[in-house]
Structures are given as C-alpha cells and as structure tokens.
Amino acid sequence: MDCDDCLERLYQYLDKELTEGDVTVVKQHLDDCVGCSDHFVFEARFIKKVHDACADDRAPFELRERIVLRLREG
Ligand SMILES: [Zn+2]
C-alpha cells in the first residue's frame, strides 16, 4: 500500500467500513508512515468534532468531500 491508497481508505477506516484485512494493511501503513499517521490523527479529530457539533449526517459528508478534494490538490 502506498500513501494514496492509504488516504483513499482513511475515511472508510474512520467510518469502520473496511474489511478486517484492509484495516490491518492501513494500520501497518500508519505505523510505518509519519505523513499518513499525521493525516489520520488530524482527520479523526476533525470528524469527531464535526460529529459532536452537528447531528445532521449531510454536513459531515460535504465537509469530508471538501477535505478529500483538498488532499488530492495538495
Ligand atoms: Zn503514507
């Protein structure tokens, strides 16, 4: 798995939508890769904040889409 693969699975991982095998691979990459690990911590905190602040599922989804776009541009 490279960093692009990892970031693509990040949201599924945070939403607990990954299979057990994928979770293992993502975790392994996060252990090895400081860059993705930083992203993961940031996104996990961000998503938790959004969930805490807003009960509407639509807002987090739109925010997530924006983050994904930003990551792809960045
Ligand atoms: Zn990485």
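The stops below concern a core, a helix and a helix pair.

This is a predicted model, in which local features need pLDDT of at least 70, side-chain atom pairs count only at pLDDT 80 or more, and totals for chains, interfaces and linings use all residues. Residues are numbered from 1 along each chain as its sequence is written.

**The core.** Select C6, L10, Y13, V26, C36 and F40, the six residues of the largest nonpolar core. Such a core is a set of buried Ala, Val, Leu, Ile, Met, Phe, Trp, Tyr and Cys residues joined through C-beta atoms within 7 Å; buried denotes 20 or more other C-beta atoms within 10 Å of a residue's own, all C-beta atoms being placed from the backbone. Two or more core residues come from each of α1 (3–14) and α3 (34–53), with α1 giving the largest share, three residues. Helices are DSSP runs (H or I, at least four residues), numbered from the N terminus.

**The helix α3.** Next, colour α3, which has 20 residues and reaches 28 Å from its first C-alpha to its last. The expected span is 1.5 Å times one less than the number of residues, and α3 is close to the expected 28 Å. It is hardly covered: two of its 20 residues are buried.

**The helix pair.** Now display α1 with α3: their axes (lines fitted to C-alpha atoms over the stretch in contact) come within 11 Å and cross at roughly 25°. The two helices are therefore roughly parallel to each other, the term for angles under 35 degrees. Contact (C-beta atoms within 7 Å) involves residues including C3, L7 and L14 of α1 and H39, A44 and I47 of α3.

Terms used. Buried ≥ 20, exposed ≤ 12 C-beta atoms within 10 Å, placed from the backbone. Axes fitted to C-alpha atoms, helices over the stretch in contact; angles between N-to-C directions. Parallel < 35°, antiparallel > 145°, perpendicular 65-115°, else oblique. Contact = placed C-beta atoms within 7 Å.
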